[in-house]
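Morning, everyone. I have one structure to show. Please look at the screen.

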Amino acid sequence: MAKTDKSSSEPGFSLGGYLLIATPALLDPNFYRAVILLIQHDQQGAMGVILNRPLNKTIGEAWLQVSDTVLTNAQPLHEGGPCPGPLLALHKMKPHTDMEVAKGIYAAISSESVTALVEGNVAPVKFIFGNAGWSPGQLEVEIREGSWLLLPGRPDTVFGPAEGLWLRLTREASRRAAAPSIPDHIVPTDPHMN
């Protein structure tokens, strides 16, 4: 597990805004090679969305299922996890936010905020349907068992390309855990380069 500034078992400590990176040991098909941004984490449990599962449908196509408005928004719709939930938009625009997930990363869940982002056709925005959820204490157990690596969520990661995201973050988390005091730019991406 990548080191964090605090222990996730501390009372009142939240991993909201962190990324969960599935380890190769996690074989659940719902989370195989998943990268999840934790939207919420508290004593009632946790909720997050998978960032690296784009669907073969644009938000404009999906919007026709809930509205008569025809849109040209060609941004992909993403599968956020196995739990049903409302359409959520991750974005960087403070005016259309319902909550700040991490520095520079906002979430829109309300109908008004999501509609403004869909119809505005602005970027970067990641539209996500569904989510992943954990009951109280469940995520902490999975982290201790080695199912997840942790990294702080950053806008460049959340809004970057989904392709290859799991591999890039697995390597980053492993480098940080193996050499926490060595700056990332000094550690080679390929250990065979040593």
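I'll go through the core, then the aromatic rings, then one histidine.

This is a predicted model, so local features need pLDDT of at least 70, side-chain atom pairs count only at pLDDT 80 or more, and totals for chains, interfaces and linings use all residues. Residues are numbered from 1 along each chain as its sequence is written, and side-chain values use heavy atoms, with hydrogens and water left out.

Core first. A nonpolar core here is a set of buried Ala, Val, Leu, Ile, Met, Phe, Trp, Tyr and Cys residues joined through side-chain atoms within 4.5 Å. Buried means under 20% relative accessible area, with a 1.4 Å probe and protein chains only. The largest core has 41 residues. Among those touching the most other members are Ile 36, Trp 134 and Trp 148. A second, separate core has 13 residues, including Leu 71 and Phe 127.

Now the rings. They pair if their centres lie within 6.5 Å, using the six-membered ring for Trp; planes over 60 degrees apart are edge-to-face. That gives three aromatic pairs. Phe 31 and Trp 148 sit 5.8 Å apart, centre to centre, with planes at 70 degrees, so they are edge-to-face. Trp 134 and Trp 148 are also edge-to-face, at 6.2 Å and 80 degrees. Ring pairs join Phe 31, Trp 134 and Trp 148 into a cluster. Trp 148 is buried, at 1% relative accessibility.

Last, His 41. Is it buried or exposed? Buried, at 6% relative accessibility. Its side chain reaches the backbone nitrogen of Leu 15 at 2.9 Å.

Technical notes: Buried means under 20% relative accessible area, exposed over 50%, partly exposed in between (1.4 Å probe, protein chains only). A polar contact is a pair of N or O atoms within 3.5 Å; within protein, one must be able to donate a hydrogen and the other to accept it, and residues adjacent in sequence count only if both atoms are side-chain atoms. Rings of Phe, Tyr and Trp (its six-membered ring) pair if their centres lie within 6.5 Å; planes under 30 degrees apart count as stacked, over 60 as edge-to-face and the rest as tilted.
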